[in-house]
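Please look over the sequence and the model before turning to the points below.

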Amino acid sequence: MEKSLYQLTALEMSGALTSGNISSERLVLDCLERIRTLDESVGAFLHVDEASILAQARASDQRRLQGATLSTLDGVPVALKDVIAVAGEPLTCASRILENYKSPYDAHVTKLLKAAGVVLCGRLNMDEFAMGSATENSAFKRTANPWNLKHSPGGSSGGSAAAVAAGMVPMSLGSDTGGSIRQPAAFCGVVGIKPSYGRVSRFGLAAYASSLDQIGPLARTVRDAAALLQIIAGADPKDSTCMRRDVPDYLAETMRDPGCLRIGLPAEFFAEGLDAEVRKSVLEAADFFAKQGHEIVDIQLPLTKLAVPVYYIIATAEATSNLARYDGIRYGHRSDIAVDAIDIYYKSRGEGFGEEVKRRIMLGNFVLSSGYYDAWYVRAQKVRTLLRAEYMNAFDKVDLILTPTTPGAALRQGEHREDPLQSYLEDVYTIPANLAGLPGISLPCGFVASGLPVGLQLLAAPFAEDRLLQVASQYERAHRFAGLRARIGGDEQ
Amino acid sequence: MSIDISNSASVDIDHLAKLSRLQLAESEKFKLQGQLERILNHFRALEDVDVSGIEPTAHACDVVNIWDEDEVAEGLTPDQLETIAPAFRDRQIVVPKVVDDA
C-alpha cells in the first residue's frame with residue numbers, strides 16, 4: 001500500500017521531491033490539511049500562517065524547476081517552537097507578556113533554515129519561556145499527547161514533539177535547557193537531540209538560562225534529526241559561546257558502523273523511582289547493544305542525585321537576569337493602569353508572567369540576593385564543577401552512557417500542577433547533560449502496557465554527536481519503533 | 001558574607017517580590033512562600049557536598065574571548081522598533097517621565 005504523505009519521513013519527502021513525484025506545495029497542503037483536522041484535539045500549534053507557508057513552498061518548487069535547489073531539505077516543512085525568532089512572525093514564548101510581539105529579525109538557525117530552502121511551517125506551543133515539563137504552563141493552550149489525548153506531551157517543547165508524533169510536520173525545532181527536547185521526545189515516541197553546548201547558535205532564541213540552553217531537532221527518525229542538525233550546527237559571530245568547530249557530515253555518520261564501543265549503565269539512573277516497565281525497555285536496549293558487540297559497563301555517577309538542586313538554582317538565577325528585559329518599556333506588554341516607570345515594571349510583569357515564570361524569577365532572586373549568594377548560587381556552581389568532572393571522568397572509561405530518558409511514561413495532564421517540586425524532580429535524568437554541556441539523544445525504545453511510548457537516552461562527551469548518531473541509528477535500523485507516529489483522528493492503520 | 005545554609009530556607013516574600021519587580025496578589029504571595037520554602041528545603045542537600053577549594057562553573061564548556069573586526073553593521077531601524085514598542089511617537093519610544101521638573 002502506498003504511504004500517505006504524512007507518513008513519509010523528511011528524507012523520504014526529500015527523495016520524492018528530487019524524483020519529481022511530488023511538489024513542495026502538495027506536501028505543505030497535506031501538512032496544512034492535517035493541522036486543520038487534528039490540531040483542534042492536539043493543540044500543538046500557536047500560529048500557522050498558511051499564505052506564507054504556501055508562498056515558501058511555491059518558491060521551493062520554482063527553484064527545483066530551475067535546478068537551483070538549496071539543500072537536501074529544500075521544500076520540506078519544519079515547524080519551530082515559539083521561542084525561536086522568525087522575522088515578521090509572532091514570537092510569544094507562550095507568554096502574555098509577548099502576546100502581540102512579532103520578531104523584527106531572524107534567529108541564526110532561522111537564517112540557516114531559510115538558506116537551506118526549508119519551509120517554515122508554523123509556531124509551536126511550549127511552556128511559558130520554556131519553563132516546565134508538561135506544556136501546561138503555556139498562557140494560551142494545552143497540548144495533548146497524540147498517543148493518548150488525556151496525557152501530557154511533556155515539555156517544554158511539547159508542541160514540537162506532539163506535532164511530529166501526530167504527523168502534522170515531519171520535523172521541528174525545540175530548545176533544551178534541562179531536558180525540554182529529550183523528555184517530550186520520549187513521551188511522544190519521537191527522536192530528539194540536545195546538541196553539545198556551543199554546537200548551535202543561540203542568537204534569536206529567547207533566553208531562559210544562557211549557560212544551559214541549546215536548540216535542537218525533533219523528528220520521527222534518527223536520520224531525519226541528523227539531517228536537520230546538519231543545517232543548524234556551526235559557528236555564528238553573534239553567539240560567542242557557539243564554538244568555531246567543524247561540523248561533521250551527520251547524515252553520513254548515521255550510516256557508519258560504530259565498531260565496538262563501551263557503553264556505560266549508571267546505577268543511579270536505574271535506582272528507586274524508575275518505572276518497572278521503562279526499566280525493562282531500556283535494559284532490553286542494553287542487551288541489544290551487547291549483542292552488537294558493544295561492551296556494557298556498570299558505572300557510578302553519584303552526584304546525579306544533586307543535579308536537580310544544582311540545575312534549579314543555576315537556571316533560575318540566569319532566568320532572573322534574562323527575564324529582567326521584559327520591563328514593559330521597550331517591547332512586550334505594558335500595563336495600562338501603571339502611573340510611573342517603577343509601577344510599569346511591577347504591573348506589566350505581574351500581569352504578563354504566568355505562575356511558573358514568577359516562581360522561577362523569585363527563586364532566582366532568592367539565590368542571588370545579598371547574604372544568600374555564596375551559600376546557594378556559588379555553592380551550586382561549585383557542585384556543577386564536580387558534577388561535570390564526574391561525567392568527564394566517566395567518559396575516560398566509556399564511550400557512551402545509556403539511560404532511560406524519563407523515570408516513567410507521560411503523565412496525565414495536570415498531574416503535578418499543584419506540586420512544582422515533584423515536577424522538578426522528574427527532570428533528574430535529562431538535567432546532567434545540560435549542566436555538563438554534553439550532547440544527548442532520546443529515541444523510542446518501546447511502550448508501556450497502557451500504550452504510551454518509552455524513550456532511551458544516549459549521552460556522549462562534548463561534540464561527539466557523530467558517535468551518538470552512529471549508535472542511535474544502529475538501534476533504529478533493528479527496531480520497529482523507527483518512524484513512529486501516533487494514530488489519531490481516524491488515521492488508517 | 002557567608003550564612004549557614006541550614007538557616008537560609010525562610011523566605012521574605014515581599015523582599016523577593018520587590019527584587020523581582022513583580023506585583024503579586026496576597027493569595028499568590030502566600031502560595032509562593034510555601035512552595036519556595038519547600039523547594040529550598042529540598043535543595044539543602046547541597047550542604048552535604050564538600051566544595052572547599054572547588055572553582056565555580058559558570059559555563060558548560062571553556063569559553064574564550066572572541067574578537068571580531070570593528071565594522072559598521074546594520075541594526076534595527078526606527079520603523080522596526082515602532083512595530084514592537086508599546087508606545088511610539090515621533091520615531092521614539094514613549095516612556096514615563098523619570099526626572100522631576102527643574
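The structure is a predicted model. Chain A and chain B bury about 5700 Å² between them, and the contact draws on 67 residues from chain A and 56 residues from chain B.

**Area of the interface**

- The size of an interface is often given as the accessible area lost when the parts come together.
- Of the area buried between chain A and chain B, 68% lies on carbon and sulfur atoms.
- Y346(A), M362(A) and W376(A) account for 13% of the area that chain A buries against chain B, more than any other three residues.

**Polar and charged pairs across the interface**

- Four salt bridges are counted between chain A and chain B.
- A salt bridge joins the side chains of R244(A) and D68(B), with an N to O distance of 3.5 Å.
- Residue pairs in polar contact across the interface of chain A and chain B number 15, with both residues at pLDDT 80 or more.

**The side of chain A that touches chain B**

- Two or more residues of this side come from each of the helices α10 (307-322), α11 (341-352), α12 (355-368), α13 (373-397), α14 (420-425) and α15 (431-436) of chain A.
- Helix α13(A) gives the largest share, 13 residues.
- By residue class, the side of chain A that touches chain B comprises 36 nonpolar, 13 polar and 18 charged residues.

**Serine 423 of chain A**

- S423(A) lies in helix α14 of chain A.
- S423(A) counts as buried because its relative accessibility is 18%, and the cut-off for a buried residue is under 20%.
- Beyond its neighbours within four places in sequence, S423(A) is in contact with S133(A) and H416(A).

**Helix α5 of chain A**

- Helix α5 of chain A spans residues 158-165 and is mostly covered, with eight of its eight residues buried.
- The buried residues of α5(A) include G158(A), G159(A) and S160(A), together with A161(A), A162(A), A163(A), V164(A) and A165(A).

**Confidence in chain B**

- Chain B has a mean pLDDT of 87, and 90% of its residues reach 70 or more.
- Over residues 1-6 of chain B, pLDDT stays under 50.
- For residues 1-6 of chain B, the model has 13 contacts beyond four places in sequence.

Note on methods. Residues are numbered from 1 along each chain as its sequence is written. Chains are lettered from A and ligands numbered from 1 in the order in which they are written. Side-chain values use heavy atoms; hydrogens and water are left out. Contact means heavy atoms within 4.5 Å. Buried area is the accessible area (1.4 Å probe) that two parts lose on being put together, summed over both. A polar contact is a pair of N or O atoms within 3.5 Å; within protein, one must be able to donate a hydrogen and the other to accept it, and residues adjacent in sequence count only if both atoms are side-chain atoms. Helices (H or I, at least four residues) and strands (E, at least two) are DSSP runs, numbered from the N terminus. Ala, Val, Leu, Ile, Met, Phe, Trp, Tyr, Cys and Pro count as nonpolar, Asp, Glu, Lys and Arg as charged, and the others, Gly among them, as polar. pLDDT is the predictor's confidence in each residue, from 0 to 100. Buried means under 20% relative accessible area, exposed over 50%, partly exposed in between (1.4 Å probe, protein chains only).
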